[in-house]
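Q: I'd like a close look at one part of this model, and I'm new to reading structures. Could you take me through it step by step?
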Amino acid sequence: MEYVNPEGLRLDGRRPLEMRQLRAEIGVVSRADGSAVFEMGNTKVIAAVYGPREVQNKSQQINDQAVVRCEYSMANFSTGDRMRKPKHDRRSTEISLVIRQTMEACILTHLMPRSQIDIFVQVLQADGGTRSACINAATLALADAGIPMRDLVTSCAAGYLNSTPLLDLNYVEDSAGGPDVTVGILPKLDKVTLLQMDAKLPMDTFETVMQLAIEGCKAVANYIRELLLENTKQLEFRRGV
Amino acid sequence: MVGLSVGEKHFIKGGIEQNLRTDGRKRYTYRPIYVETAVIPQANGSARVKFGATEVIASVKAELGKPSPSYPDKGKVLIHVDCSPTAEPAFEGRGGEELSSELSVALQRCLLGGKSGAGAGIDLSSLSIVEGKICWDLYIEGLVVSSDGNLLDALAAAIKASLSNTALPKVQVSSAASDEQPEVDLSDEEFLQFDTCGIPAIVTLTKVGKHYILDATSEEESQMSSAVSVSVNRQGRICGLTKRGGAGLNPSVIHDMISVAKHLSEQVINKLDSEIAAAEAREEDVP
Amino acid sequence: MAGKRGATPATYSPSLTTAKGKKKPPIFTDDANWVRSDGRHFHQCRPAFLRIATVNSASGSAYAEFGNTKVIVSVFGPRESKKAMMYSDVGRLNCNVSYTTFATPSRGQGSDNKDFSSMLHKALEGAIILESFPKTTVDVFALVLESGGSDLPVIISCASLALADAGIMLYDLVAAVSVSCLGKNLVIDPISEEEVYQEGSFMISCMPSRNEVTQLTVTGEWSTPKISEAMDLCLDACSKLGNIMRSCLKEPLSAPEE
């Protein structure tokens with residue numbers, strides 16, 4: 001199947017190095033300490049952060065750090081066919097773990113000992129790149145909750161089909177069976193916190209694809225930073241400053 | 001949610017007695033309702049409804065299936081509600097299952113009527129394609145995104161909005177031998193809009209002290225002695241009733257609550273319909 | 001007959017295809033002369049057989065047989081709450097309803113009864129004086145041996161008898177009754193064939209001497225006068241059932257001769 005046609009356009013009309021449209025909104029769940037909705041094209045994800053609060057399970061309490069917990073769940077209607085078991089299948093457990101480790105690395109947990117931070121991510125629509133959208137949404141939600149972090153974490157995925165590196169795969173391109181590289185970075189510190197890949201790639205192609213994904217992450221970071229600045233201006237305005 | 005102090009509890013109860021609730025509403029006033037349709041493009045119909053801070057999303061997926069042998073001329077409708085942990089940290093893992101099943105059953109009772117399908121809000125026989133062989137299976141999924149009380153009303157409103165947004169593709173049945181499964185051809189072009197005038201709205205009356213309030217927030221719900229959720233349709237007939245909450249109620253009080261609910265349901269149904277129409281108009285503006 | 005038709009279960013159940021489809025139309029609706037299949041009048045409940053202290057190892061237990069519906073309930077407690085649960089200054093109630101696999105004509109029916117546990121909990125919650133046993137839990141386990149219609153009301157009534165047998169302090173016994181709407185007629189205490197054809201159902205569980213309703217569910221379309229009629233019917237039946245339950249408790253514990 002042809003994922004990049006001879007003119008250089010992909011199945012949804014994008015160029016190979018073009019990301020899908022980004023849209024985000026902060027503060028959607030009023031009950032949560034911080035929440036955000038993040039959309040990358042048709043993939044739509046809600047993240048809610050509850051914390052820092054008292055540890056529910058005393059045996060998990062750490063005396064000099066905060067405990068970070070994460071749960072990833074997909075809504076029944078998020079994929080094309082109706083899913084039967086949205087929670088606790090192996091994929092959800094794995095992605096929960098990945099998000100938790102990524103966010104834990106950037107939260108300054110030593111500032112909040114003996115407490116717990118819960119990150120809940122709910123996928124409303126899945127069209128490829130859910131992992132990245134979840135991490136981006138979680139970053140925004142943590143920022144909205146005012147939890148101290150080393151830097152924003154942004155994530156993006158890239159692949160390699162028809163001998164072309166492609167940025168930000170959607171579901172059809174993802175299920176083509178080609179390699180899929182997901183990268184999460186701390187943009188200001190210029191460090192990689194998450195790197196995952198399926199299938200196989202020769203070394204030099206891998207370097208190109210990873211570099212492409214990092215560029216995508218930086219673009220997401222710019223968008224997120226702008227959004228947070230805008231949000232802060234709004235808050236200032238409402239406070240009458 | 002952090003527990004309420006004794007002073008806060010008195011404040012809530014006293015406010016309700018004086019017809020002035022904590023957010024300034026009167027006893028029988030709803031929070032601002034916001035409806036948005038077609039939020040999930042992959043589903044046949046979907047809607048997102050906000051009652052103040054309570055936000056729920058409902059989606060309708062239609063698949064072809066076989067009718068059950070006891071009712072060969074009716075389609076099937078399955079309602080399932082999921083409580084997302086984003087709404088409440090307690091819903092993490094299996095914590096939200098009890099509430100989900102309670103809400104699913106209450107919705108099924110109110111919208112689907114008796115076992116034979118009589119009195120149902122949704123006309124099941126309109127879902128049948130070939131009697132005894134093929135029918136539409138509607139899977140209605142509700143997702144609670146943010147919970148601040150009055151989940152049942154919000155879910156019912158979301159289901160109503162998503163059903164009015166549902167478009168079932170037209171089916172062409174090619175003739176086949178009588179015993180075999182007939183071939184069906186789903187048209188991509190033409191769609192049938194779902195008829196939603198019969199779908200009831202659910203009105204939940206929460207009893208706090210001696211008075212009833214409409215559209216309780218979760219703080220008010222924590223102070224309730226009991227609640228009655230009445231499902232009333234446009235003709236003013238009661239399609240379902242569920243009593244929640246532990247305290248006992250005098251039967252005359254129940255009669256009273258039912259009549260109050262019927263009286264209020266009219267304005268609720270009108271309000272919902274106008275919001276749904278506005279949402280669909282908004283959706284059509286954006287091509 | 002190995003049941004080769006697609007939808008029927010693979011187990012051999014001779015009564016399934018023969019008795020069901022053919023002679024059922026008689027149940028239908030507007031026939032004022034229609035008599036119920038067990039000969040009862042429309043507003044007549046099934047005779048109740050109630051027995052307490054049937055399970056020796058439980059703190060309290062009861063067995064109820066209403067026609068073909070047979071339920072056994074055992075109550076354990078008040079027992080120490082699990083350490084995982086937080087301290088609470090009122091007692092806790094934990095209910096569980098399960099069906100045996102042979103309770104229904106086709107093996108293993110699981111659809112309706114997932115919510116019966118929470119409904120039983122709600123029905124009993126209002127009747128138990130929870131302040132009398134803080135920091136402890138009372139467990140109520142109901143087992144339906146045969147499901148012959150109107151299951152949940154029988155479960156609730158039997159459970160309140162078992163609680164009384166266990167010596168748990170109650171404000172009053174809880175009696176429950178359900179009414180079906182078949183066409184224009186209101187039929188009390190329906191059997192399972194009547195439940196299949198019902199157009200609406202009304203289940204009420206109340207405390208007769210306090211005249212308080214603890215649980216009420218209505219399915220199907222009802223007009224207000226019908227609801228009042230159904231409610232009066234049910235409350236009347238509940239008070240009669242309450243008297244029967246009371247007399248059963250007053251009998252001496254040794255099982256009387258038949």
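Which residues of chain B does the UniProt annotation "domain: Exoribonuclease phosphorolytic" cover? And what sheet do its strands take part in?

A: Happy to! This is a predicted model, where local features need pLDDT of at least 70 and side-chain atom pairs count only at pLDDT 80 or more, while totals for chains, interfaces and linings use all residues. Residues are numbered from 1 along each chain as its sequence is written, and chains are lettered from A and ligands numbered from 1 in the order in which they are written.

According to an unreviewed UniProt entry, the annotation covers residues 30-169 and 198-262 of chain B; such annotations may be inferred rather than shown by experiment. In the stretch 198-262, chain B is 26% helix and 40% strand, with its end C-alpha atoms 16 Å apart. (Helices are DSSP runs of H or I with at least four residues, strands are runs of E with at least two, and both are numbered from the N terminus.)

Now for the sheet. It is open and has 8 strands, in the order β10(B)-β9(B)-β11(B)-β12(B)-β9(C)-β8(C)-β6(C)-β7(C), with antiparallel pairing. Two strands pair if DSSP finds at least two bridges between them. At the edges sit β10 (211-214) of chain B and β7 (185-188) of chain C, each pairing on one side only. On average, neighbouring strands are turned by 20° against each other, direction ignored.

Where do the two chains meet in this sheet? Strand β12 (238-244) of chain B pairs with β9 (212-222) of chain C, antiparallel and over 4 bridges.

Helix α3 (151-164) of chain B packs on it, touching β9 (201-208) and β11 (226-232) of chain B, and its direction makes about 170° with that of β9(B). Helix α3 (151-165) of chain C also packs on the sheet; this helix touches β6 (175-182) and β8 (200-207) of chain C and makes about 170° with β6(C). These angles run from 0 to 180 degrees between N-to-C directions, using lines fitted to C-alpha atoms, for helices over the stretch in contact.

Finally, chain B also meets chain A: 23 residues of chain B are in contact with 22 residues of chain A, where contact means C-beta atoms, placed from the backbone, within 7 Å. On that side of chain B, β3 (54-65), β4 (76-83) and β6 (134-146) each supply at least two residues, and β6(B) gives the most, with 5.

Note on methods
Two residues are in contact if their C-beta atoms, placed from the backbone, lie within 7 Å.
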